[in-house]
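Subject: Structure handover

Hi,

Here is the structure I promised to pass on. Have a look at it first, and then read on for what turned up.

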Amino acid sequence: MKPLETITIIPSLPEKMEFLKTLANNLWWAWNHDAIDLFRRLDRDLWQETNQNPIKMLGQISQSRLETLAADEGYLAQLDRVKENLDSYLNEQTWYSKEFGISEQIQFAYFSAEFGLTECVPIYSGGLGLLAGDHFKSASDLGLPLVGVGLLYQQGYFHQYLNADGWQGENYPKNDFYNMPVKLQQDENNNPLLVEIDFPSRKLYAQIWKLKVGRIEMILLDTNIAKNNAEDRLITGELYGGDKETRIQQEIVLGIGGVRALQKLQITPNVYHMNEGHSAFLALERIRLAMEAHNLTFTQALELTRAGNVFTTHTPVPAGIDKFSKELIDKYFTNYLAKLGINKTEFYSLGGIDPKAAEDKFSMAVLAINFASHINGVSKLHGKVSSKMWEHLWPGIPVNENPIRSITNGVHLMSYISGELSGLFDRYVGPNWKKKPADLSIWKRIEKIPVEELWRTHERRRERLVAFARKRLKSQLKHRGALSSEIDHVDDILDPEALTICFARRFATYKRAALLFHDPDRLSKILTNKEFPVQIIYAGKAHPKDEPGKQLIKKIIHLSQNEELRQHIVFLENYDIEVARYLVQGSDVWLNTPRRPLEASGTSGMKAAMNGVINCSILDGWWDEAYNRNVGWAIGKGETYDDLEYQDKVESQALYNLLENEVVPLFYKQGKNNIPREWVEMMKNTMAEICPAFNTNRMIRNYTDWFYVPAFKNYEILFGENQTKAKELATWKDKLNNNWSKIKFRKVEHNDAKEYQVGNELNISAEVYLDGLSPNDVKVEIYHGFLDSENATIENGAAEKMDMVEEKGNNIYKFAGSLRCNLSGLYGYTVRVLPNNENLIHPHETGLILWANEK
């Protein structure tokens, strides 16, 4: 039955406790232990039952309980303290304001298909969303003028359950937006603010919600409204659900709809950050708006807006990129192209489609790369992998010179460090670790924490993890209809004093969750050693359509039911932020076994390390740059293999060797007071080295210093004086493209000797023919380096600028330069021509290059 009218009912709080509403509607509470405790004290059971959702909790708690707490001086004192801390947080001077000042002209927008902020806002699936959430929290901490843009999913990501055979099933509970900390945006007549998007033969509408996260806000779009047809209402129904058409619809709403939502709210960012390619359509909408507002051509608007676009890729393999068929692209963009003034072939090329290749698909990552002035991978290794993966976009350009850089991911410390450890840090490291987590000098003070105190704190966290795991496991078994005897047996599973290893992540096959089971007999001996017992806790979801991932989970469940192993292996269902928090705070070893180099970064190991948990991992992603013998263990030495079965055999044996010979003996090497002092020393090393380097405070400062602020400045240069510089740059690039093929090397010479001594100078000259271009339009360089012994190519070359020294006539110009011979060996050089313009953001952004040794 449909209602006659709808009303919104809000909690009724005693006057002294009204602040709780304000607090509940700002997710700052989610990374403040005192604020979390304030809500938990209202009703501990209800706090868990509502999935730690203060909005829902305040609507359900009894009035008598509220009145009791309103008369509790201790509770009110804590409430006043939290209010004072929030007020101070919102009003204090921030890192960003100190470094760059405060200006209403600067605004950054961060677009992501998912955000993992806290349990009660379930619009995330895994690592990408959690990274986005941590990005946002640290942006708030640092005071960035940032706004987030995403989708408000009616069902979010699925809840996982396992049947008696260990096969994963999925539930899709619906989100109740009116019991979440989001606020519907309305116009002056109290009607929802809507954005409108042209879909094939119809209009699509999305309403706008706001979410407050500390100092900054997030904009979330929702298509589940009466103005849409039944199918369109489901577009924002489920994260990563549906088919390819649902996916392109979601990405149009996110990218194009997101830009229009910002317009509706009169938010005018200069810099747009695309977190993965899902939101890349935003670049098209920016171009369309610039064309309309400033009477620009497509190429002029492209140059202007690209200066203010940033793209982060999280995917190390082409198969992980969203791609759409020409048919879908034509269906949704044929009419849109007329507004951009480009034809279908031109548009296809922006997504990497070769018009001659019938099966080519439109790549969202290629679209984002083509429209971004700053591009990065999410670890040093991933930056190299991405540069190699996309090298075909810059043919002829050395891989180490193309525009893809790296900014290594981090995690938001306050969201994952346990309350007990936070207290230890306050006492011995000092309170500044919260405000300056990237300050190395602060973390050196970890050495001051007494060994006994740190170990006892960690033991309590392990005990809490075991209690949580048992409770969770009992609930799982009841849900599966297990026998009472089996449920009662759970109390004997896991030992709160045993070495506890955790493996928790998405169950994609490349992550090799079952590597530890490669030799079951050897594993069994390790786990069931009565003197030195070991236990493993698994958690993780497979994508609903990932059958191999589901088979991995089933395999682990079956192995864990072995009579010998059942007390030592546990699989926790429905891996989410709450489960992750218990695991990263209470385990002893964090295990990670990806197939290198398929792990772009990984952040769960960082969260564990922040809590003194020691990593044991393949050298991939972030661990490739974090590892040294003082902070954990490396499985292998960074090798890659063609024979994957052989790789699994070698690396599983390496893992068993580490466990038997290093990890287990070190943990049980206990001295005075039964404390493993060498283990605790490694815990300290882990926190002291990893906390300052792998947090999102450092990461956000990198993005701000390297990308956001330079992008803003470049955008302002091109925007100024009626976009004169943008128009000039577009005209110059057009001239460049029309004349580049005419450039020729006439002669390249160096002083005659073939052998030089260290310290000698090599003088090189080149005569270059330029037709339609001037010497100022190009940069001529010597490219030099030692030769690769296998294929006689220059390896990791360097470039030296050559000066124009003579105009020879007939469009021929002589350039000259020199090299100093600093080291002995087989050396080589060549000469190249590159485009040159003061408004180029990256020397290779045009993709044009000419080498002297090209025919």
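A quick definition before the details: a cavity here is a set of grid points where a 1.4 Å probe fits but cannot get out, and its lining residues are those with an atom within 4 Å of a point. Please also keep in mind that this is a predicted model.

**The cavity**

How many cavities of 30 Å³ or more does a search of the whole structure find? The search comes back with one. The largest cavity holds about 60 Å³ of space. If you want to find it in the viewer, its lining consists of Ala113, Leu151, Tyr153, Leu239, Tyr240, Arg247, Gln250, Glu251, Leu254 and His278. Helix H10 (residues 244-264) supplies the largest share of that lining, with four residues.

Next, some packing. Two packed helices are described by the angle between their axes and the distance between the axes, so you'll get both for each pair below.

Start with helix H12 (residues 298-306) and helix H30 (residues 696-739), which pack at an angle of about 125 degrees with their axes 8 Å apart. That angle makes H12 oblique to H30. The crossing of H12 past H30 is right-handed. On the H12 side, the contact uses Thr299, Gln300, Glu303, Leu304, Thr305 and Arg306, while H30 brings Tyr715, Leu718, Phe719, Gln723, Ala726, Lys727, Leu729, Ala730 and Lys733. Seven of the residues in the contact of H12 with H30 are nonpolar, four are polar and four are charged.

Then there are helix H23 (residues 520-527) and helix H28 (residues 644-667), whose axes come within 11 Å and cross at roughly 15 degrees. H23 is therefore roughly parallel to H28. This time the crossing, of H23 past H28, is left-handed. Arg522, Leu523 and Ile526 of H23 meet Gln653, Tyr656, Asn657, Leu659 and Glu660 of H28. The contact of H23 with H28 is made up of four nonpolar, two polar and two charged residues.

The last pair is helix H21 (residues 451-480) with helix H29 (residues 677-693): their axes come within 10 Å and cross at roughly 85 degrees. H21 and H29 are therefore roughly perpendicular to each other. Val451, Glu452, Leu454, Trp455 and His458 make the contact from H21, and Arg677, Trp679, Val680, Met683, Lys684 and Met687 make it from H29. Seven nonpolar residues, one polar and three charged take part in the contact of H21 with H29.

Most residues other than glycine have a negative phi, and most peptide bonds are trans. Two spots are worth a look with that in mind.

Which peptide bond is cis, with omega near 5 degrees? That would be the one from Arg596 to Pro597. Pro597 sits in the loop between strand E20 (589-592) and helix H26 (604-610).

The other spot is Ser201, a residue other than glycine whose phi is positive, near 60 degrees. You'll find Ser201 in the loop between strand E8 (194-199) and strand E9 (202-213).

Over to you!

Notes
Residues are numbered from 1 along each chain as its sequence is written. This is a predicted model: local features need pLDDT of at least 70, side-chain atom pairs count only at pLDDT 80 or more; totals for chains, interfaces and linings use all residues. Side-chain values use heavy atoms; hydrogens and water are left out. Axes are lines fitted to C-alpha atoms, for helices over the stretch in contact, and angles run from 0 to 180 degrees between N-to-C directions. Helices (H or I, at least four residues) and strands (E, at least two) are DSSP runs, numbered from the N terminus. Angles under 35 degrees count as roughly parallel, over 145 as roughly antiparallel, 65 to 115 as roughly perpendicular and the rest as oblique. A crossing is left-handed if the near helix is turned anticlockwise from the far one by less than a right angle, and right-handed if clockwise. Contact means heavy atoms within 4.5 Å. Ala, Val, Leu, Ile, Met, Phe, Trp, Tyr, Cys and Pro count as nonpolar, Asp, Glu, Lys and Arg as charged, and the others, Gly among them, as polar. On a 1 Å grid over the protein atoms alone, a cavity is a set of points where a 1.4 Å probe fits but cannot get out, and a pocket is an open set with protein on both sides within 12 Å along at least five of seven lines; lining residues have an atom within 4 Å of a point. Grid points are joined across faces, edges and corners, and a volume is the space filled by probe spheres set on the points.
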